[in-house]
Amino acid sequence: MPVAELSGVTKRYGEVTALAGISLAIEPGELVALLGPNGAGKTTAVRILLGLAAPTTGHAAVFGRHPASRHARLRRGALLQVAKVPETLRVREHIELFSSYYQNPLPMEEVVAAAGLKGIEKRLFGDLSGGQKQRVLFALAICGNPGLLFLDEPTVGLDVESRRALWGRIRGFAARGGSVLLTTHYLDEADALAHRVVVINHGRIVAEGTPREIKARTASGGLEDAFLAIVGQDEGTAEEVMQ
Ligand SMILES: Nc1ncnc2c1ncn2[C@@H]1O[C@H](COP(=O)(O)OP(=O)(O)OP(=O)(O)O)[C@@H](O)[C@H]1O
Ligand SMILES: [Mg+2]
């Protein structure tokens, strides 16, 4: 059974069609990267799988249940694109608070080490740098010892070293059997981490495969060229349809 599944999901906001019929399954232990231009529908897909938005049509399930069910919520963690947490709590307090929601949270020291927060546990969240805040949000995503992680552009604003360190932590999570749905605009990130890449555009899946398969679509063998070709081709098709 997949750990997370969208089947035939559409999502409309008034005139805007954010998702136009998407079917996607994440298998246990799989690290899937969801790629696509701005506005393609990536965050919408993640929000539906988190139970934060309901599909207009179609069906979503996480661990076989409704995404908003307690069963699903206690088994997944999330780092959202625009996440807000109180500035006036200390790093350690945030982790303690979040851990208290879960039945089998990870030990504090493990979370601190896994998120690279050693030495800054006592700082106020509001006093942290952007990259340090991002590490706290990662800590909150993993502290409940989830089987499935949703990471929506997790490395935005991180310096090269911190990005690579976070990649290592994401890999570590997957190596322990965790499943991950990652969205990113950094194609090297998808290439480095993902078992499978799913490209969406205008709310539809336009390509899917291992990074190697996707890269094999262009002569240069680069993921960025392949991505541009896939999305460009899709734009061409969309124009033909409209004419
Ligand atoms: N709550 C909402 N109300 C109205 N429109 C929305 C809402 N949420 C998303 N949309 C629209 O749905 C489309 C898909 O947005 P979404 O945030 O899923 O894109 P994305 O692929 O995550 O883009 P980005 O790479 O910029 O994060 C966009 O056109 C967006 O404006
Ligand atoms: Mg987004």
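This briefing walks through a ligand site, a pocket and some paired strands. The structure is a predicted model, where local features need pLDDT of at least 70, side-chain atom pairs count only at pLDDT 80 or more, and totals for chains, interfaces and linings use all residues. Residues are numbered from 1 along each chain as its sequence is written, chains are lettered from A and ligands numbered from 1 in the order in which they are written, and side-chain values use heavy atoms, with hydrogens and water left out.

**Around ligand 1**

- Ligand 1 has 14 residues around it, and G39, K42, T43, T44 and H185 come nearest (a residue is near if one of its heavy atoms lies within 4 Å).
- K42 places a polar side-chain atom 2.7 Å from an oxygen atom of ligand 1, and T43 does so at 2.8 Å; a polar contact is a pair of N or O atoms within 3.5 Å.
- In the side chain of N38, an N or O atom is 2.9 Å from an oxygen atom of the ligand.
- On its own, ligand 1 has 640 Å² of accessible area, of which the protein covers 63% (Shrake-Rupley method, 1.4 Å probe).
- Helix α1 (42-49) and strand β2 (16-26) each supply at least two residues of the shell, and α1 gives the most, with three; helices (H or I, at least four residues) and strands (E, at least two) are DSSP runs, numbered from the N terminus.
- By class, the shell holds five nonpolar, seven polar and two charged residues; Ala, Val, Leu, Ile, Met, Phe, Trp, Tyr, Cys and Pro count as nonpolar, Asp, Glu, Lys and Arg as charged, and the others, Gly among them, as polar.

**The largest pocket**

- α2 (70-73), β5 (76-79) and α5 (130-142) each bring at least two lining residues, and β5 gives the most, with four.
- The lining divides into 14 nonpolar, one polar and four charged residues.

**Paired strands**

- β1 (residues 4-13) runs antiparallel to β2, joined by eight bridges (strands pair if DSSP finds at least two bridges between them).
- Within that pairing, E5 stands opposite A25, and G14 in the hairpin, which has two residues between the strands, takes a positive phi near 60°.
- β1 is also joined to β4 (residues 57-62), antiparallel, by five bridges, where A4 has V62 as its bridge partner.
- β8 (residues 196-201) and β9 (residues 204-209) are antiparallel over five bridges, with V199 partnered by A207.
- The hairpin of β8 and β9 has two residues between the strands, and H202 there takes a positive phi near 50°.

Note on methods
A polar contact is a pair of N or O atoms within 3.5 Å; within protein, one must be able to donate a hydrogen and the other to accept it, and residues adjacent in sequence count only if both atoms are side-chain atoms.
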